[in-house]
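Colleague: Could you take a close look at the salt bridges in this model and walk me through them?

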Amino acid sequence: MASNVNPTVRRRRLGMELRKLREDKGMTAEQVAERLLVSQSKISRLENGRRSISQRDVRDLCDVYEVEDRRLVDSLMQMAKDSRQQGWWHAFGDIPYSVYIGLETDAASLRTYEPQMVPGLLQTPEYAQALIRGALPETAPADVDKRVQVRMHRQKRLSETDNNNPEVGPLRLWAVIDEAALRRHVGDPQLMIKQLEYLIEQSEQPYITVQVMPFSMGAHPGVNGQYAILEFPDASDSTVVYIEGVTSDLYLEKANDVQKYSVMYEHLRAQALNVEQTRQFIGKIIGDYAGKGKQEPGIR
């Protein structure tokens, strides 16, 4: 198989196929676990694509489900093999949010709401470094640099075609950013000016839309926090809502959950400043930072 196979997406697709086989057989995850002498949580993790799956696992599950179609078994076994390949991010070592990176790499579109920071795909290296240092004060400098490199590599999807699906084109990004993220001092004023100028520059790209949610809007559907909605070019891949956590992340794929977050995002887009108003608004904030820089030239 080609080296550009995305292991995260392969696991998800394989998990969905295995879940369908189980449901067609009329078995519960608990019943399958009892047959294979494994935990029910293992079966659930295999089906939701959060755990790597071996060819032996596939073989055993197909035996339990009494799959007679040899071609189907061989196809699932190949998917299991592909899912154990390494994505580009593995070259950077242990990355805590590698599942998300795998999804983002293969996504066709990403809608995100960020209340506290500029979205990672729109950050400058300097902003990313200062942000990571502040958010993770006990992280070693080498690990901070690694995280910055990964973040910069992720940004290639905004301008490059997905290798797995050349017809898809660059990632379609729609970002709604709270005013608080733009007002929050990350580094010195000059760093923030450079970041906000870059944000305006990126917002002019054809695949990128940026809107600001100003303080003046008051309460709005995003007050509960950050989330992202990832959609994929293959219709068989379900849309995923991603919610970042401190020690673990949440991935929602049930249709009802996705629908609620999608509707909430439509309200966010409707209430936020439009694209041109957003650029003007960011320009004013840049002016504020420029004034602060003149008043406090010694800020570091």
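Modeller: A residue is called buried when its relative accessible area is under 20%, exposed when that area is over 50%, and partly exposed in between. The model is a predicted one, and a search of the whole structure finds 20 salt bridges.

One of these pairs Asp237 with Arg13, whose closest N and O atoms are 2.8 Å apart. Because Asp237 sits in the loop between strand S4 (227-231) and strand S5 (240-243) while Arg13 belongs to helix H1 (residues 7-25), this pair ties together parts that lie 224 residues apart in sequence. Both Asp237 and Arg13 are buried.

Helix H1 also contributes Arg22, which forms a salt bridge with Glu47 at a closest N and O separation of 2.7 Å. Since Glu47 lies in helix H3 (residues 40-47), the contact with Arg22 links parts that are 25 residues apart in sequence. Arg22 counts as buried because its relative accessibility is 11%, and Glu47, with a relative accessible area of 7%, is buried as well.

Within helix H12 (residues 275-295), Glu276 and Arg279 are 3 residues apart and therefore separated by about one helical turn, and their side chains meet in a salt bridge of 3.7 Å, N to O. Glu276 has a relative accessible area of 43%, so this residue is partly exposed.

Note on methods
Residues are numbered from 1 along each chain as its sequence is written. This is a predicted model: local features need pLDDT of at least 70, side-chain atom pairs count only at pLDDT 80 or more; totals for chains, interfaces and linings use all residues. Side-chain values use heavy atoms; hydrogens and water are left out. A salt bridge is a side-chain nitrogen of Lys or Arg within 4 Å of a carboxyl oxygen of Asp or Glu. Helices (H or I, at least four residues) and strands (E, at least two) are DSSP runs, numbered from the N terminus. Buried means under 20% relative accessible area, exposed over 50%, partly exposed in between (1.4 Å probe, protein chains only).
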